[in-house]
Structure formats: C-alpha cells, structure tokens
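Subject: Structure handover and notes

Dear colleague,

I am passing on the structure we spoke about, and my notes on it follow below. Please read them with the structure open beside you.

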Amino acid sequence: MLASTAPKDGALVRAASIVTASVAQPDARPVVRSFFDDASFTATHVVHDPKTRSAAIIDSVLDFDQASGRTSRTSADAIIAYVEAEGLTVVWHLETHAHADHLSAAPYLQQRLGGQLAIGRAITTVQDVFGKIFNEGTEFERDGSQFDRLFDDGDSFEIGALKAAVLHVPGHTPADLAYVIGDAVFCGDTLFMPDYGTARADFPGGDAAYLFRSIRRLLSLPRESRVFLCHDYKAPGRDTYVWETTIGAESDANVHVHAGIDEARFVAMRTARDATLSMPKLILPAIQVNMRGGHMPPAEENGTRYLKIPLDLL
Ligand SMILES: [Fe+2]
C-alpha cells in the first residue's frame, strides 16, 4: 500500500460546513439531470443554474467494449442532445476522481460543448503510481497538465450564478473530490445508497480510515442536502437503480457508516469486505485513459493507439 497524500487528521475532521460556509447558498437549488450507464453502473450528472443556464457535467462515460477494443459515444451523445435541447452552456467538466470502472468522455464533450476540465490536485499522485505500473515514458506528464484546473480542498468556483465548493475526500483513491453545489453534493465514490454502503478503499493509494473521515465530513453537511452518487449496484432486494438520496438518509441508515459506527469498526468491515472483491473489469483500460484526462495513449508509428495490460501487478 502506498503512502497516502491525504491531509492530516486535523484537516480531515474539520467540518465540511467550514469549507462551504463562504459559498453557502441554502436557497440555491440547481437543476440536476442524471444519466445512468448500466454497463458500468455509473451515474453522470448534468447540473445547471436555472437563472443563467450555465452547466457542469460530472463524471461522464465513454462507452468501451473491451473484447473488441472499440469505443463509442452513445452515452456522451445523449448528454450532448440534452444540453442542446435545454439550451445550456457547459462551463465545467468535473471528475470526482480517476475512475477505475469506466473511461471518461470529457475530452469528447469538451470538444463538442466547450468548458474546462477539472479534477483533484492529488491526481498527480495517481499519475505517478500508475505511470510506473504502466511503465509510461517521459512523454506522459505526471503534473496534472492534462486538466485545465486542479482543485484543492476548500476551493470554490462558479457555474453561472451558482457557487460551488470543493471538498477533498480521499480514501477510495488519494484524489477523490466531492463537489457541493447549492443544496446538492456530488459525492463521487465515497457513499453509495444507504442500503448499499460505501466505496472500496483497497486500490493503490486507498485508505479505509481516510475514507471514514472523508465520509464523516460529508455527513456534517445539512441533513436536507441532496446527495448524488457516482454509482449504484442495486442492493439485494431492490430492483431499480437509484443514485439520489440525502445526507439525513445516509446519516440515519447507511449500512456501513450510520451514526454510531466508529472508525475502527468501519475499517475492520471495509478491509474484510475489500479482500473479497475482484478488480473492476475495466480498471486497466480505464486508469490508463483517465490518468490522461480521458485522452487515449499516443498512437504508435503505425497510427494505432494501444492500451497495455501489465501482468501479475494488480
Ligand atoms: Fe471509483
């Protein structure tokens, strides 16, 4: 396991409300339309300011068929059609982290719709770790320069008249962010639906204790905050995908982290559970692309782009 770059405990346990206080807009209720990709169980969210119609696209998906190595843009094109039909201006493409289960469509969407691409500053740690795993040459920059903006904890930005705040929520990976936009929080891979629990913390640079502390910060947001998840896997007994809940519902009922569960108990549960999980089926293609901001590796001299499969490393 690699050393985590997560902030020290003091910074982590600071209430999320302190970070968001300067941008608090309790009455701001952005419009959120979500698109669910049931091949990767990913929810992409398009959030917009109803006053200015400025929008951000969070965690987009490029369709990828691993057997043929073929990419397609059906999911991304559905988002473009929605943006155009609603007359939205996309100002941000936001990644909550370097995903291991799907390829990002951000470069394609950016080229078609404009806007800036952002991720957490600790993406450089992910680039460093996976740059070594994939034996990338010096042409692969490990400084985050594939992105237009690298966010730090407590940063703020705007989507039209909407104010947004950035929370660094490491644990699943070192670089995870949550975005607080008006009354909505986009929590990435930290929390899942209350009946399903939390994200795994066993990837390189992951840390179950940091994940617990990150989740505690999220749970300190107002109870009525809307929570938009990055994934849903249908908990046993539930037959539909759901990707929206509230901070109150998570605090009261999340099976892994509801009030009363302490860090030691969570870490023991998370560690035991992670030991039973196999690697996500697209981790090798996904990380190779997503650590490049969604761009494919450069073409070889025959004009073809290739993805590598390191043997016996993960
Ligand atoms: Fe993830």
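Which residues are linked with Asp-183 in a network of salt bridges? The network joins Arg-29, Asp-183 and Arg-226, a salt bridge being a side-chain nitrogen of Lys or Arg within 4 Å of a carboxyl oxygen of Asp or Glu.

Before the details, please note that this is a predicted model, in which local features need pLDDT of at least 70 and side-chain atom pairs count only at pLDDT 80 or more, while totals for chains, interfaces and linings use all residues. Residues are numbered from 1 along each chain as its sequence is written, and side-chain values use heavy atoms, with hydrogens and water left out.

Salt bridges

The count comes to 14 salt bridges. In the one between Asp-183 and Arg-29, the closest N and O atoms are 3.0 Å apart. Asp-183 sits in the loop between S11 and S12, whereas Arg-29 sits in the loop between helix H2 (16-21) and strand S1 (31-37), so the pair ties together parts that are 154 residues apart in sequence. Helices (H or I, at least four residues) and strands (E, at least two) are DSSP runs, numbered from the N terminus. Asp-183 counts as buried at 14% relative accessibility, while Arg-29 counts as exposed at 54%; here buried means under 20% relative accessible area, exposed over 50%, and partly exposed in between, with a 1.4 Å probe and protein chains only.

A second pair is Asp-252 with Arg-223, where the closest N and O atoms are 2.8 Å apart. This pair links distant parts of the chain, with Asp-252 in helix H7 (residues 247-253) and Arg-223 in the loop between H6 and strand S13 (226-228), 29 residues apart. Asp-252 is exposed, with a relative accessible area of 52%, and Arg-223 is partly exposed, at 46%.

Arg-238 also forms a salt bridge with Asp-232, with 2.8 Å between the closest N and O atoms; Arg-238 is buried at 17% relative accessibility, and Asp-232 is buried at 0%.

The iron ion

The iron ion is coordinated by His-97 (NE2), His-172 (NE2) and Asp-189 (OD), at 2.1 to 2.4 Å. Donors are N, O and S atoms within 2.8 Å of the metal (3.2 Å for Na, K and Ca), and since water is not among the atoms, sites may look incomplete. Along the chain, the donors follow the spacing H-x74-H-x16-D. His-172 lies in the loop between S10 and strand S11 (177-181), and Asp-189 in the loop between strand S12 (184-186) and helix H6 (208-219), 17 residues apart. Both His-172 and Asp-189 are buried.

His-168

His-168 belongs to strand S10 (residues 162-168) and is buried, at 10% relative accessibility. A polar atom of the His-168 side chain lies 2.8 Å from the backbone oxygen of Pro-174.

Cysteines

How many disulfides are there? The count is zero, where a disulfide is a pair of cysteine sulfur atoms within 2.5 Å. The sulfur of Cys-187 has its closest cysteine sulfur in Cys-230, 8.1 Å away, which is too far for a bond. Cys-187 is buried, with a relative accessible area of 1%, and Cys-230 likewise counts as buried at 1%.

Terms used: A polar contact is a pair of N or O atoms within 3.5 Å; within protein, one must be able to donate a hydrogen and the other to accept it, and residues adjacent in sequence count only if both atoms are side-chain atoms.
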